[in-house]
Amino acid sequence: MIIDFIIFLLVLFAIYGIAGLALNLTLGWGGLINLGFMGFLSIGAYTSAILTTEYHLPVFVGIIAGMILAALISGFVGILIRTIRGDALAIILLGFNFTVYAIGLNWNSVTRGALGIPGIPRPEFFYDDRRFLFLVTILLLLTTLFLYRLTHSSFGRVLGAIRDEELHARVLGKRMFRVKMIVHIVSGALAGLAGALLAHFIRFIDPASFFIHQLVFVLSMIFVGGLASVPGTIIGAFILTLLPEMIRVFVNLPSDILGAIRGIIFSLLLLLVVMFRPKGILGTVELPSAYADRE
Amino acid sequence: MKNNAIWWIIGIVIVVGLGYLIFNQPNKTNDKKSESVATAPVAPKVVESSEVTIGWIGPLTGDAAAYGIPLQKATMLAAEEINAAGGVGGKKLVVAYEDGNCDGKGGAAAAQKLISINKVQIIIGGTCSGETLGFTPIANENKVVVFSPSASSPDLTTKGGDYAFRFYPSDALAGKVAASYAMDTFKAKKAAVITANTDYAQGLHRVFVESFKNAGGEVTVDESYNSGTTDFRTQALKIKNAKVDVVYIVVQLPTEGIALVKALKDQKIVAPLLTAEILIGREIAKNNKDVLEGVIGFEAFFDEKAEGAAKFTAAFKAKYNEDLAFPFMQTIAYSEGYLFKEMIEKYGNDGVKIQAALAKLTDWSGGGLKNMTLDENGDVVWKSFSIKKITNGDVPSIGVFDMK
Amino acid sequence: MDLILQLISNVLIPGLLFALIAAGFSLTYSVTRVLHLANGGVVIVAGYGFYTGYSLWHWPIWSASLLAIAIAILTGLFINAQIHERMREHGIVSAAGMLVATISVLLIIQNILLAIFGSAPKSFADLQGTVHEFGPVIFTDHEIRILVLIPILLIIFILLLKKTKTGKALRAVADHEQVAEVVGIASRKMRMLAFGISSFLAGIAGILFAIEYNLDPSMGIMITVRMIFRAILGGVGSIGGAILGSLSTETIVALTGYYWNVSWVDFSSFLLTFVVLLIRPNGILGKKKRIV
């Protein structure tokens, strides 16, 4: 029976792995601090949830629709922000997160607001946990493969150039914009996929499921694993998904401060990783130090 | 090129392994197909042990911990008392507490852990509706009973499944009561409604607005504020300028409620302030008596002075040196301990048997509760609501409202 | 006219509180380059410090306030010394890493406060005082305290930065750390000072905030989020920007709340920030590295 819990966690790990890869694409390779990507997970999740519960469309249609919508909106956001740099960019993207949250919370007629969407169905063939795990593992592998190819191609080299030496890359002019747009769209699609999968797995979503706590969670994931490293993200997803659950299993006190203590342990561990392995476990990229004079 | 090949090999191995793992197992029931499947392996019962374990899920961190932890304490007290009196059929009662984070995914992870690792057949929880809806599918699949002390979303009635029950009335009722009262007692024609943007509050909001409008009233100000809002001066100003006959306040967190009422009072609004049950929580009324004076709230009718309830209140105070913040919900969380003691002693720690028994539960009394009956959806049958008015830090009842 | 005055009064209370918090945040950012997101945590730590002194130990207001401020400063300095200075020494920590670190600190603070004080909200009703009417506008005693104290503090703070030698040293480090060192300014000390001052401001803000809006452990995150948005709008690294950013955001919040619906206030304040950043990517008063 323990296997059931493990399977559950593995599914979460795979889904977050896909989300992490999406984020890593923009951050680790694109050098873009995309704090708004939870918004795309939310878009993917809600699209699929609404299409499958309200309109009774098959789950696969819902998931693909979610991916497409998320990709389109991500592309659109990419166009909007093309002139903004640095901290302003990070904040704007964070703001996008808030926007999606606000819309989800207030557009009651479509999203049911704070009540959320219960009763989201599982996919037709992959209905139980084990089959779902099979599905998400395949998707994770495909995503990994795809990104690996993408970033080790000439496209990837251009990305690396943009990240590391934006000044030089600007010489490439229009091509840079096109490259960035591809990054946005692909990342958006993957985030939408992860969001939709999450919706169909947990079978309940509400706007708060894709808000600040989740953002911190996924950000930590790719950071711990190592930026710009595909295996690193996978490892980061693995560790971060499992860690709170292991703490849950091994830290047990019949006490009213149990929750707080587990929370402290988790945050402390995370903090220690940041402090003592700042590149992450398999990180190879040195993003500019946060503490140096920044341009 | 070599790297690539390794990835491919790893990938194929994983896929094949998983495929084997999956397709060689007996099928679990698909939640879309009907329930009559022969081979659904259910969590194996713990055979012989000197302990009986049940699960508990609720928010132990985050802002919802303001309710989660008091409920946890209530259950902890029940477990302590039960064990001191000999346990459940002679065995020690162990409650495994898990943090659901008031969130679907948190609830799901908590429940999965409790079912897979602690092998529970019963889960007391969740506290929040979203949390509960996150794990009712898992519970239903594993034939584990879920009994919430406080989830009030109408969705739980329809989407909770056969294994979900609650002693706490659905929002669908309380909202109607408030609207009727506003109409009957205050002859209100125009109302202002200000609601927190959470599932619990929005459920009440929806029902109130519908009922009020159906009775011919007009909701001239309808605002929903997001959690974490601290400043309500503007909203109070808006409400004052709208000159309404009654204001219905539905808050999720006490902190916001207190700030909101204060802002309304600062604006010298004289219209009666109606609320649901959070703001009339005893501790809150006591600690904020000046601000909350005169606020009228509606809670499911619950006799705190009745013997069992009074005993619980006293025991809680003795153990934790605090009063009950949410008497009704905490009494439910406490009483569920006794409910399951009874159930387990009668039917064993068996989710299937207990579910069957609960589906027919009529007039049950135990812990601090009396005469509880469950309907065919697992909801509690509830007819009466108390009307309470905060007076000088106390919350006396000024009437009882019976639903037809 | 009445309405305008009322709306202005609504803007001032949270506007000034957040101006104070954001100003401290901007200071630390410009001097140390650290996005001190845990500042929200420092604010509520001060609130709980005040609670301990005033409500638990029944000290008079002044002593409880001193206690609260002291705890805030200690917390801020601790965070700086133990976390940021270490990370600086240890090597390259990227922005993502720093974010994760400060957020973790914030969460740890919240959970510790939750464990110690419990989840029930704490209030200070007796300190709010009575309501006074000034024509169409309404203020409680406590709100008057806010209206008077905070501008004074901000003015003193700005003068400190502009006129004193220490202030100049801080600004020197903010402008260009390496050059400042060459001239003999101990940048490490300046960083500590920046954290100290910002925590002092956060401490006062925390006390005022707690009395006005009550206190519970999970408020830290919301305060932090609001703080960064206001600081960035005004221009991170600029004190005047922090003030302007806070006031403008609160204005939009008040207008949206009154004329539209309170559920959209976060959205419209974001929209404002977005539009401003499109025109002035460094915020209203932001210049790359200046403080004032």
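In which helix of chain A is confidence lowest, and in which is it highest? In chain A, the lowest confidence falls in helix α8 (residues 166-169), at a mean of 60, and the highest in helix α2 (residues 37-53), at 93. These values are pLDDT, the predictor's confidence in each residue, which runs from 0 to 100, and helices (H or I, at least four residues) and strands (E, at least two) are DSSP runs numbered from the N terminus.

This is a predicted model, in which local features need pLDDT of at least 70 and side-chain atom pairs count only at pLDDT 80 or more, while totals for chains, interfaces and linings use all residues. Residues are numbered from 1 along each chain as its sequence is written, and chains are lettered from A and ligands numbered from 1 in the order in which they are written.

**Confidence**

The model scores ipTM 0.86 and pTM 0.85.

**Chain A**

The secondary structure of chain A comes to 12 helices and 2 strands, and along the sequence these follow the pattern α-α-α-α-α-β-α-α-α-α-β-α-α-α. Of the 295 residues in chain A, 63% are buried, a term used where 20 or more other C-beta atoms lie within 10 Å of a residue's own, whereas 12 or fewer count as exposed and the range in between as partly exposed, with C-beta atoms placed from the backbone. Among the contacts in chain A with a separation of 6 or more, 77% are between residues 24 or more positions apart, a contact being a pair whose C-beta atoms, placed from the backbone, lie within 7 Å.

**Where chain B touches chain A**

The contact takes 49 residues from chain B and 43 residues from chain A. On the side of chain B that touches chain A, α1(B) gives the most, with 8 residues. By class, that side of chain B has 18 nonpolar, 18 polar and 13 charged residues, where Ala, Val, Leu, Ile, Met, Phe, Trp, Tyr, Cys and Pro count as nonpolar, Asp, Glu, Lys and Arg as charged, and the others, Gly among them, as polar.

**A helix pair in chain C**

The axes of helix α1 (residues 2-32) and helix α9 (residues 187-213) of chain C come within 9 Å and cross at roughly 170°, the axes being lines fitted to C-alpha atoms over the stretch in contact and the angles running from 0 to 180 degrees between N-to-C directions. Because of this, α1(C) is roughly antiparallel to α9(C), a description kept for angles over 145 degrees, with those under 35 counted as roughly parallel, 65 to 115 as roughly perpendicular and the rest as oblique. The contact includes C:Leu17, C:Phe25 and C:Val31 of α1(C) and C:Met190, C:Leu201 and C:Phe209 of α9(C), and by class it has 17 nonpolar, 4 polar and 1 charged residues.

**Local backbone features**

A:Arg112, in the loop between α5 (108-111) and β1 (117-118) of chain A, has a positive phi of about 65° although it is not a glycine, and A:Arg112 is buried, with 24 other C-beta atoms within 10 Å. B:Lys268, in the loop between α9 (254-266) and β9 (273-275) of chain B, likewise is not a glycine and has a positive phi of about 60°, but B:Lys268 counts as exposed, with 11 C-beta neighbours inside 10 Å. A cis peptide bond, with omega about -15°, joins B:Gly125 and B:Gly126.

Technical notes:
Two residues are in contact if their C-beta atoms, placed from the backbone, lie within 7 Å.
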